[in-house]
Amino acid sequence: MLAALALAARSRRLRETRRTLWRVAPVVSAISLAAAVVVRWRHAPALIPLGLLAAAAVVWVLYAFVQRRRVRVSDATASAIDEEAGLAGELRSAAWFASRDVADSWTGLHLSRAADRLESLDLSHLYPALRARRARVATFVMAAIAVLLVTPLPGRPQAVAPPPNAQSAPPPRAVQPIALEGVPAELPQELEALLTAIENGTFAARQPEADAAFQAMLAQIHALNDPRALTALVRAMADRDQADDSDASRKALADRVKRDAALTPPSEIRDALEALSKKLSDSERDTDSAGLEKSDDAQPDQGVDLAGTPPESARDASAIASLGMVTLSSQAPADPNAPPGVGVGGSSSSPGNAGTMADIAKTLRHEIIEANEDDVSGNVQTDARRKTERGSATTTFTRSAAASFDGTHASAPPPVPEARRARTQTYFSRKQ
Amino acid sequence: MTVTAVAQSIDQFRDRFHRITQEVARRIVGHDEVVDGTVTSLLAGGHVLLEGIPGVGKTSLVHTLADALHLKFSRIQFTPDLMPADIVGTNIVQEQSHGGTFFEFQPGPIFANVVLADEINRATPKTQSALLEAMQDVSVSVGTTTYPLEQPFLVMATQNPIEMEGTYPLPEAQLDRFFFKLKVTYPSEEALHEILERTTREVDRTVTRVVDGPQIMEMRRVARSVPIARPVQGYAVRLTLGSHPGSPYATPLVTRYVRYGASPRAAQALVLAGKIRAINRGQAFVSIDDIRSAALPALRHRILLNFEGEADEINTDTIVDELVASVATE
């Protein structure tokens with residue numbers, strides 16, 4: 001009885017397994033095909049669709065193997081077979097008694113009858129083999145197409161179509177080699193190629209981490225600390241129209257490197273680009289400072305030319321001016337006989353005065369640099385922010401307990417005058 | 001007992017059951033389900049409450065069944081002035097031949113195998129309660145003496161659901177002692193034709209006595225021998241528990257309208273009725289459908305509605321139907 005029931009349960013389980021597998025297989029194949037199309041389109045590694053197909057095949061085999069093993073027939077399974085075979089509950093009841101090993105003439109009769117009915121069942125008719133022809137064809141066709149899409153075939157021109165932005169994107173610009181000791185001459189060209197690849201969107205397909213030469217280039221970028229090397233790099237990678245303006249070239253390169261780093265997913269490359277951008281920005285500030293000092297030295301009596309400050313510092317002109325005034329006010333007492341100069345400090349050429357133009361320029365430089373890094377929403381506190389954030393407001397909320405009514409202080413309402421009493425009494429009465 | 005003997009006893013049971021219902025059907029038309037339920041109650045050792053409008057054949061059914069069984073039959077017409085002693089009997093004073101007196105117990109009409117309690121809800125609760133001991137313990141106590149009743153003992157009570165003036169609804173304890181509550185509905189057009197054919201002509205409507213007391217007792221024993229698997233019994237238990245408002249198996253209707261659910265007697269009735277139905281199908285096992293078929297007559301009178309249910313005129317049949325439809329079979 002139990003053996004026949006287990007056989008029926010196995011047939012049913014296999015049919016359910018096949019049904020499930022052939023319901024899922026076309027879906028998995030379709031997903032693999034879609035992945036293959038995307039891979040071919042986006043230059044992604046072919047491992048994705050092939051791995052998906054391989055994993056699905058492994059799961060398929062494992063699931064089929066697990067479902068083929070012999071398991072104890074549960075009451076739910078016996079009930080399902082009973083219902084599908086139209087045995088009116090006999091199989092379910094018999095399965096329970098058979099599993100309990102009850103020795104009783106009534107149970108014996110029940111089990112023998114159930115076994116006879118179960119053996120008379122044609123399991124191949126009850127659980128016919130599932131053909132699923134359309135599912136099979138669809139699965140195999142889609143899987144084959146997926147494999148063909150990602151398989152490089154000999155003689156096939158450019159198996160992977162270039163992305164649309166890559167077709168319209170310009171090739172890497174020709175840059176000049178660096179003729180500086182300790183810095184590879186081809187570094188500008190390699191850096192330009194990397195930046196162009198990032199900007200064109202073809203960067204991911206190259207798998208740069210696997211390239212030893214590429215790793216070497218990243219190491220060289222990290223090793224670029226010498227200002228001269230940075231200047232040479234900027235000069236080598238500068239546009240022709242900006243070749244004369246080293247500051248503009250440096251800033252443009254720094255901005256470009258920073259922007260491309262942002263386009264790159266977090267990786268070693270992104271770190272290298274961010275580091276390079278920071279170095280370029282820092283060297284740019286140093287250059288600005290040096291320029292200011294040079295101008296001070298060259299024109300000691302002309303004061304600071306605010307109009308000549310870098311454009312990014314112009315937005316903080318008011319801050320600079322106010323800070324400069326504060327600095328000036330802290331200088332040594334002015335000499336009324338001093339020649340005209342900037343502010344009350346007098347001329348920096350006066351040897352007796354501590355507030356020389358160099359000091360003022362130096363102070364202003366620091367303020368310019370600090371003001372350039374200020375952000376109103378970040379590290380700058382305005383008066384309004386201070387008032388609110390420090391909680392110095394004096395307005396507070398008070399809370400008073402509910403007062404109880406004291407009836408002893410209540411007074412009776414004034415009596416209604418006699419003349420109005422009748423009208424008052426009939427005021428709310430409906431007029432007929 | 002061998003397997004062959006079991007098979008023979010099943011066939012014999014089916015044959016007797018069929019003969020009883022056939023004999024009843026010679027006089028009663030169109031109430032096959034009620035006849036089956038009544039005979040099932042008899043074979044399960046329970047009692048039946050028949051409810052129906054006047055004239056649909058409740059009393060005739062009981063009379064016919066008593067005629068078909070070779071059993072002692074008595075009828076008690078319940079009225080408001082009926083006293084318990086009128087049912088169970090009383091001690092009367094007798095004179096001895098040599099002088100002196102003594103008390104002698106005069107048995108009431110309850111001392112029979114088949115008792116028809118006609119219009120049982122017209123008697124006072126005190127009189128109705130006189131049946132409690134007889135129905136449960138198959139004995140009656142008068143004074144300090146308990147008198148056993150003869151087996152098989154079957155009380156078949158009838159009540160009229162529409163004439164409620166001057167009636168006393170049966171208390172829950174009394175209702176719970178009825179194995180089945182069967183509703184005798186108005187006959188169909190075809191059945192009405194058949195009734196007219198049989199009753200307005202000179203036709204021999206004599207009912208033969210087909211089964212006697214020992215045979216009924218044997219059938220009771222056979223019915224109780226049918227094995228029932230635990231999952232099927234679990235279904236009967238869930239059905240019973242589901243009629244209680246706080247049960248996890250309770251349906252929305254039960255939760256909203258039921259005050260008290262069915263007692264364990266309901267589960268006993270479900271299983272016993274299921275066993276008898278299984279043998280009638282010729283099977284030696286109880287199926288879910290066997291339990292399901294007994295749910296309505298076994299549960300409908302054991303569910304007590306709350307005020308909201310009474311106010312909304314909810315029928316307990318609706319509640320049982322929902323219960324049967326929603327309680328899981330696994």
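**Notebook: a predicted two-chain model**

**Entry 1. The interface.** The model I am reading is a predicted one. I then looked up polar contacts, and two residue pairs are in polar contact between chain A and chain B, both at pLDDT 80 or more. On the chain A side, the elements that give two or more residues to the contact with chain B are α3 (75–85), α4 (90–100) and α5 (105–119). Of the elements in chain A, α5(A) gives the most to this side, with eight residues. I sorted the chain A side by class and recorded six nonpolar, seven polar and five charged residues.

**Entry 2. Extent of the interface.** I noted that the size of an interface is often given as the accessible area lost when the parts come together. Chain A and chain B bury about 1,700 Å² between them, and 67% of that area is on carbon and sulfur atoms. In residues, 18 of chain A are in contact with 24 of chain B.

**Entry 3. Salt bridges elsewhere.** I recalled that side chains of opposite charge can pair when their charged atoms come close. Over all chains, I recorded a count of 23 salt bridges. I looked up one of them, in which Glu84(A) pairs with Arg12(A) and the closest N and O atoms are 3.1 Å apart. This pair links distant parts of the chain: Glu84(A) belongs to helix α3 of chain A and Arg12(A) to helix α1 (residues 2–42) of chain A, 72 residues apart.

**Entry 4. Two helices of chain B.** How do the axes of α1 and α12 of chain B cross? I found that helix α1 (residues 3–25) and helix α12 (residues 264–280) of chain B have axes that come within 8 Å and cross at roughly 95°. The range for roughly perpendicular is 65 to 115 degrees, and α1(B) and α12(B) are therefore roughly perpendicular to each other. Ile10(B), Phe13(B), Arg14(B) and Phe17(B) in α1(B) meet Ile276(B), Ile279(B) and Asn280(B) in α12(B). By class, I recorded five nonpolar residues, one polar and one charged in this contact.

**Entry 5. Backbone exceptions.** I kept in mind that most residues other than glycine have a negative phi, and most peptide bonds are trans. Ala88(A) is not a glycine, yet its phi is positive, about 55°. I located Ala88(A) in the loop between α3 and α4 of chain A. In chain B, a cis peptide bond joins Gln151(B) and Pro152(B), with omega about -5°. I located Pro152(B) in the loop between β8 (145–148) and β9 (154–159) of chain B.

Definitions and conventions: Residues are numbered from 1 along each chain as its sequence is written. Chains are lettered from A and ligands numbered from 1 in the order in which they are written. This is a predicted model: local features need pLDDT of at least 70, side-chain atom pairs count only at pLDDT 80 or more; totals for chains, interfaces and linings use all residues. Side-chain values use heavy atoms; hydrogens and water are left out. Axes are lines fitted to C-alpha atoms, for helices over the stretch in contact, and angles run from 0 to 180 degrees between N-to-C directions. Helices (H or I, at least four residues) and strands (E, at least two) are DSSP runs, numbered from the N terminus. Angles under 35 degrees count as roughly parallel, over 145 as roughly antiparallel, 65 to 115 as roughly perpendicular and the rest as oblique. Contact means heavy atoms within 4.5 Å. Ala, Val, Leu, Ile, Met, Phe, Trp, Tyr, Cys and Pro count as nonpolar, Asp, Glu, Lys and Arg as charged, and the others, Gly among them, as polar. Buried area is the accessible area (1.4 Å probe) that two parts lose on being put together, summed over both. A polar contact is a pair of N or O atoms within 3.5 Å; within protein, one must be able to donate a hydrogen and the other to accept it, and residues adjacent in sequence count only if both atoms are side-chain atoms. A salt bridge is a side-chain nitrogen of Lys or Arg within 4 Å of a carboxyl oxygen of Asp or Glu.
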